[in-house]
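Here is a colleague's note to read with the model open beside you. Take the points one at a time, and look for each feature on screen before moving on.

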Amino acid sequence: MDIKTRKEGVYTIIILSGEVDLHFSPRAREQILKCLGDKDNVLVDLSCVEYIDSSGIASLVEGYQVAKNNGLKFGLINVSDPAMQVIQLSRLDTVFPIHKSLKDRMEQDI
Amino acid sequence: MIKNNKLAEICIPSQAEQLKIVRDKVHMIAEQQGCLQEDIKCMVLAVNEACMNIMQHGYGPDICGNIVLEILRDNDHLIFHLIDFAKPVDECAIKSRPLDEIRPGGLGVHLINEVMDEVRYIDCNDRTGNILEMKKKIKKKVRES
């Protein structure tokens with residue numbers, strides 16, 4: 001798994017790629033919580049996620065909750081098919097704010 | 001009495017970095033058996049989740065026991081046996097969190113039950129540990145004309 005971050009307007013984009021499993025999800029969780037701890041609005045880009053398990057999903061849920069409790073924005077963008085499948089199986093597709101793209105998210109902010 | 005053909009067996013230590021080996025093995029065997037890609041993804045997910053449960057709750061973070069994965073074929077089913085040597089599981093205590101209760105964790109059992117056709121613990125014949133059996137029907141590929 002690889003993690004990259006970049007700033008885009010009011011958001012920090014966290015780009016996860018590869019396989020987000022129990023071995024690597026603690027790194028994803030740490031990065032998400034660090035950005036939220038810095039009071040950043042966070043969008044997690046899942047376009048390059050080839051596999052995600054329930055530990056990876058738990059990191060996203062935690063991020064969503066921490067953001068909500070601290071008045072920050074949190075969402076998922078460019079969700080890959082394998083990631084979307086697990087999100088849907090977990091019935092979280094109606095819980096997470098999910099956007100087709102960063103542009104899509106930005107347009108909602110206007 | 002069903003006659004099962006054992007297709008593969010691997011033994012891994014209870015460590016998160018071993019999960020990829022398990023996923024790759026399940027993927028390879030399921031593909032060799034002609035399973036649909038969507039079903040292969042389901043089997044990979046379920047076996048991964050079950051292994052995680054053994055690592056996190058069976059052995060726990062402080063014990064590195066072994067986990068054995070057997071993959072068998074019984075007619076039109078693939079059967080996965082996950083064997084551990086941890087304390088016996090209390091089946092009544094294994095449950096998914098209510099899905100409308102949004103919190104991290106507690107999804108593994110739900111995902112396994114969602115994607116597999118049959119999930120149960122089978123008798124260990126007095127040996128210490130647990131054997132989790134998961135079955136998935138092998139659907140035939142529809143040929144394009």
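**Notes on a two-chain model**

1. Let's start with a pair of residues you can find by eye: A:Glu8 stands opposite A:Tyr11, a residue of strand β2(A). Please keep in mind that this is a predicted model. The two strands β1(A) and β2(A), the latter covering residues 11–20, run antiparallel and are joined by 7 bridges.

2. Now step back to the whole sheet. Which order do its strands take? In chain A, 5 strands form an open sheet ordered β1-β2-β3-β4-β5, and the pairing is mixed. Its edges are β1 (2–8) and β5 (98–99) of chain A, each of which pairs on one side only.

3. Two helices deserve a look next. Helix α1 of chain A, residues 25–37, packs on the sheet and touches β1, β2, β3 (41–52) and β4 (74–77) of chain A. The direction of α1 makes about 175° with that of β2(A). Helix α3 of chain A, residues 81–89, also packs on the sheet, where it touches β3, β4 and β5 of chain A. Between the directions of α3 and β3(A) the angle is about 105°.

4. How does the radius of gyration of chain A agree with that of a compact globule? For 110 residues such a globule would have a value near 13 Å, and chain A, at 12 Å, agrees with this. The C-alpha trace of chain A spans about 35 × 25 × 25 Å along its principal axes, and 54% of the 110 residues count as buried. Chain A has an accessible surface of about 5000 Å², 49% of which belongs to carbon and sulfur atoms.

5. Chain B holds 3 helices and 5 strands, running β-α-α-β-β-α-β-β from the N terminus on. Its radius of gyration is 15 Å, close to the 15 Å that the globule rule gives for 145 residues, so chain B is as compact as a globular protein of that length. Along the principal axes, the C-alpha trace of chain B spans about 55 × 40 × 30 Å. Of its 145 residues, 47% count as buried.

6. Then comes the contact between the chains.

7. Finally, zoom in on one residue, A:Val61, in helix α2 (residues 54–69) of chain A. Is A:Val61 buried or exposed? Its relative accessibility is 1%, so A:Val61 counts as buried, the cut-off for that label being under 20%. Leaving out residues up to four places away in sequence, A:Val61 touches A:Leu92 and A:Phe96 as well as B:Ile102, B:Arg103 and B:Pro104. A:Asp38 lies 23 residues from A:Val61 along the chain, and their C-alpha atoms are separated by 18 Å.

Terms used. Residues are numbered from 1 along each chain as its sequence is written. Chains are lettered from A and ligands numbered from 1 in the order in which they are written. This is a predicted model: local features need pLDDT of at least 70, side-chain atom pairs count only at pLDDT 80 or more; totals for chains, interfaces and linings use all residues. Side-chain values use heavy atoms; hydrogens and water are left out. Two strands pair if DSSP finds at least two bridges between them. Helices (H or I, at least four residues) and strands (E, at least two) are DSSP runs, numbered from the N terminus. Contact means heavy atoms within 4.5 Å. Axes are lines fitted to C-alpha atoms, for helices over the stretch in contact, and angles run from 0 to 180 degrees between N-to-C directions. The radius of gyration is taken over C-alpha atoms; the globule rule is 2.2 Å times the number of residues to the power 0.38. Buried means under 20% relative accessible area, exposed over 50%, partly exposed in between (1.4 Å probe, protein chains only). Accessible areas come from the Shrake-Rupley method with a 1.4 Å probe; for residues, only the protein chains shown count as cover.
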